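Hi,

Here is the structure I promised to pass on.

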Amino acid sequence: MRADGTAPGRPAPDGQDARELLRRCARDVVDVAEGIRAVSERTSTALFAPALAASARRRPRTGLAARWALLRALTNKQGLGGSAITAPKGVGHVLGTAGEVLGRESLAALVAVTSLRLRIAAVLVDHPEFVRDPGMRRLTEAVTADKDLAAVRSLRALFRDQGAQRALSGLAPLMAELLAIRALLDEDPKNDETGWALATGRELSADPLHGISAARLAGLDKGEGAAEAVELTDQERQVITPEGSFLGFLRNIEMLSTDGRILLQNVRGPDGVVRYVLQAPGMAPGRPRNDSPQDFVGAWRNLFMPDSPYTRSILLALKDYGIPRGADLALIGHSEGGIAVMNLAQDEEFCRTYRVTHVIAVGSPVDSKKPADPRTWVASITNQHDIVPVLDGRGAGTAFDPHPHWYEVDYTGPTHEFPLCHMLHEYIEHLKTVIPEARERVDEALAPYLGPVVRTQAYQLKDRANPPEGYPFLTLPTTSVPTTAGPIDVPVRYYDSSAAHLCYTVGADTARGLLPDVTWMTPSRLGRRAMAVLSLYEHRCTTIGPYTEIALSVLVDDLWRPRPHDAAVDLLRRVDLRRTGRHVLCLAVTSEEARVVAQEIWGQPARRVTAEADLTGRRIGVRSPDLGLAVDARLGRGVRCPEADWILYGRRGESTIRTLVRAHGRLRLHTGGGVRLRLDTAAAEPLAGQLRRLGIDTARPRFVLTCPQFMLHRSAGAVLPR
Amino acid sequence: MVTESPDITSYDTELLDQAEALRADAGLMEEYARRLRATAATLGGCPTAPEWSGPTLERQAAACDTAAEQLRTAAETLLAHAGARD
């Protein structure tokens with residue numbers, strides 16, 4: 001026997017006749033298999049019927065004989081087979097499962113496998129190249145030879161090998177058959193239904209590999225769907241086809257890539273009528289993502305479920321685009337996009353709203369679907385070596401053709417390796433060089449759409465609508481405040497910041513000497529000392545732009561009625577009720593806008609400097625050549641502490657400005673041991689002199705508060721009559 | 001006069017129905033065996049048919065025959081059981 005399972009020395013048959021004969025025989029045999037399966041089920045029901053159990057208790061001698069005869073009929077290896085017992089639960093279920101686990105296949109399953117093997121033999125008539133590949137030869141020999149268990153072993157080895165993509169892509173034309181054989185013959189009874197569905201051409205409801213229910217897997221695909229109109233880049237606009245054509249639409253889809261966008265276009269047809277074309281790309285590679293409906297889980301849901309975030313998102317995009325009711329609409333998709341558009345086409349309500357004239361799916365598993373409008377012209381173009389279109393269980397060897405009226409092209413392209421053969425670029429190339437007649441046929445069908453493109457709009461699809469940035473912490477009412485740098489919205493919001501606060505105990509008198517020359521502002525006392533804070537900020541995203549901030553402040557008491565321990569008591573109060581705060585002695589920022597805001601809105605003595613900060617890790621560093629300041633610290637793990645909101649005080653003219661600062665992030669408390677502060681300047685201004693006077697240039701901070709990533713907002717400063 | 005309880009009567013009727021169904025299934029299995037042999041014969045006339053197909057289909061047809069015989073036996077024992085007295 002040859003490797004393809006045919007006998008040598010016989011005259012070469014006519015390929016098409018032989019293929020058809022094999023497929024017809026496969027259909028007959030699988031009918032028999034289904035019949036045997038039904039007999040097994042009825043016999044199992046008789047064995048475990050309550051009537052027999054009850055009567056056997058009353059007449060045990062004849063009852064036992066009857067049950068024994070039934071059990072023998074069900075389990076005899078020369079008869080219905082080892083695991084012919086089928087029962088949903090109880091002893092029958094255990095026996096049936098045990099038979100399967102022990103490798104004793106039922107006659108029904110073996111006959112179904114024979115049918116599948118005949119289908120494989122039909123495919124081999126068209127694919128003699130399988131015989132030449134050594135690995136493939138071993139596998140096809142095993143599958144087609146008279147060794148059921150060897151076939152299963154080979155398949156198991158193949159499926160266990162995660163890197164066997166080449167082998168899998170080579171097997172793509174046989175994939176459905178092999179998956180069915182595997183499901184029918186392996187030890188896992190859970191995927192038997194899948195195997196039977198594949199063998200008999202029924203609609204799949206589960207993953208062919210593992211028998212996982214599509215509903216269960218689709219549970220990962222969450223979200224109500226969302227669509228947002230987005231602009232194409234200049235480069236992308238140049239690629240967009242100016243004239244409607246099949247290849248032009250496919251090139252548009254290729255341009256969109258798989259980043260979650262779709263394209264809608266208006267095309268003026270040769271008859272002057274404006275028609276609409278939806279172009280949907282395929283799935284993005286990688287793990288399930290809940291930000292885009294174009295992922296593998298989305299594809300899976302699309303495949304088995306009529307509704308998914310992808311289809312829901314497309315509906316929202318169509319609504320936003322404003323297609324008139326009853327307008328002609330062509331749907332074109334690649335891979336998952338093809339499934340999604342076919343899902344739309346099979347929705348009756350959708351077809352009542354729009355006249356879906358064409359559905360064209362390229363490299364998509366759409367065989368299990370059917371458009372609601374029988375007038376819809378459907379084309380499916382698949383490379384036989386592309387695994388993705390086989391996911392619906394209908395491979396090249398199928399003995400069933402569920403859509404005789406579709407225009408289906410299942411060709412053998414020069415690219416065999418997956419995922420290359422699934423790429424749209426490859427399909428476009430093949431439509432030009434390998435199957436130009438298919439391109440011409442589709443263009444012919446698309447004739448009403450072959451005209452100038454008059455409008456193009458891309459939509460970004462999402463699994464769910466995203467909340468506003470920083471929601472809910474930074475979702476605040478704002479007011480616009482005029483400044484010399486233009487109007488500024490307050491509160492100023494900081495979406496992504498890092499901070500380190502170096503807290504020093506300093507001489508109270510020295511601190512008092514640095515505060516404004518007013519009698520009512522006094523430093524808060526910690527024993528006999530005061531507290532100064534050198535705050536270092538890295539603001540990466542704010543409403544006034546990114547900037548770095550270095551601030552020196554001193555903790556001060558209630559401006560009207562200072563009391564001992566005010567600062568400690570205030571820590572227990574809500575921030576808006578606090579009376580103590582930090583008076584900002586000096587502020588250095590790296591952007592002009594930040595300087596103006598600090599100076600004009602918060603009344604802080606700000607100056608613009610150059611500075612760099614890295615405060616996101618345990619090793620933090622800030623350098624400001626203008627200030628002559630460098631801070632380096634190696635911090636330990638620290639301990640979590642409550643979020644610290646602050647009150648900042650500034651001065652504007654004869655008034656004090658009180659600014660509420662609210663922060664949201666994980667604050668950590670560290671010892672100040674690893675902090676090194678250097679002053680490389682002899683100048684007194686702007687910051688160095690104050691640091692020296694407070695003794696900070698030579699001291700270690702008592703403690704350090706850090707927050708590698710947090711959000712904050714700073715209110716408009718309230719003017720106090722002080 | 002001795003009367004059977006309605007439960008026992010209904011059980012026996014069910015057993016008789018099942019025995020009848022088993023007989024019918026035995027007939028079906030014989031029919032399947034015939035169909036498999038017919039397929040084997042069809043493929044035997046096709047030069048591109050895999051060599052394994054004939055013996056495999058024949059073996060599976062024989063299994064159908066065995067199953068038919070065993071189902072018929074099971075139907076007989078079930079009938080005997082239904083007709084037996086307590």
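Let's start with a pair of strands: strand 19 (residues 629–634) of chain A and strand 24 of chain A run antiparallel and are joined by five bridges. Helices (H or I, at least four residues) and strands (E, at least two) are DSSP runs, numbered from the N terminus, and two strands pair if DSSP finds at least two bridges between them. Across this pair, Ala630(A) stands opposite Arg678(A) of strand 24 of chain A.

Before going on, some housekeeping. This is a predicted model, so local features need pLDDT of at least 70 and side-chain atom pairs count only at pLDDT 80 or more, while totals for chains, interfaces and linings use all residues. Residues are numbered from 1 along each chain as its sequence is written, and chains are lettered from A and ligands numbered from 1 in the order in which they are written.

Back to the strands. The pair belongs to an open sheet of four strands in chain A, with the order 17-18-19-24 and antiparallel pairing. Strand 17 (612–614) and strand 24 (675–679) of chain A each have a single partner strand, so they stand at the edges with one side lacking a neighbour in the sheet.

Now the whole of chain A. It has 23 helices and 26 strands, and 48% of its 722 residues count as buried (20 or more other C-beta atoms within 10 Å of the residue's own, with C-beta atoms placed from the backbone; 12 or fewer is exposed, and in between is partly exposed).

What does the inside look like? In soluble globular proteins, nonpolar side chains tend to be buried together. Leaving aside neighbours within four places in sequence, the contacts of Ala532(A) include Tyr504(A), Leu552(A) and Ile696(A); a contact means C-beta atoms, placed from the backbone, within 7 Å.

Helix 22 (residues 592–601) of chain A is worth a click too: its buried residues include Ala594(A), Val597(A) and Ile601(A). The buried residues of this helix pack against several strands of chain A, among them strand 11 (492–507) and strand 15 (581–589). After helix 22 of chain A comes Gly603(A), with a positive phi near 65°.

Which residues does Val661(A) touch, beyond those up to four places away in sequence? They are Asp645(A), Trp646(A), Leu648(A), Leu712(A) and Arg714(A). Val661(A) is found in strand 22 (residues 655–665) of chain A, and counts as buried because 20 other C-beta atoms lie within 10 Å. Trp646(A) is 15 residues away from Val661(A) in sequence, but their C-alpha atoms are 5.1 Å apart.

Finally, the two chains meet: 49 residues of chain A are in contact with 40 residues of chain B. Helix 1 of chain A gives the most to chain A's side, with 13 residues. That side divides into 30 nonpolar, twelve polar and seven charged residues (Ala, Val, Leu, Ile, Met, Phe, Trp, Tyr, Cys and Pro count as nonpolar, Asp, Glu, Lys and Arg as charged, and the others, Gly among them, as polar).

Happy exploring!
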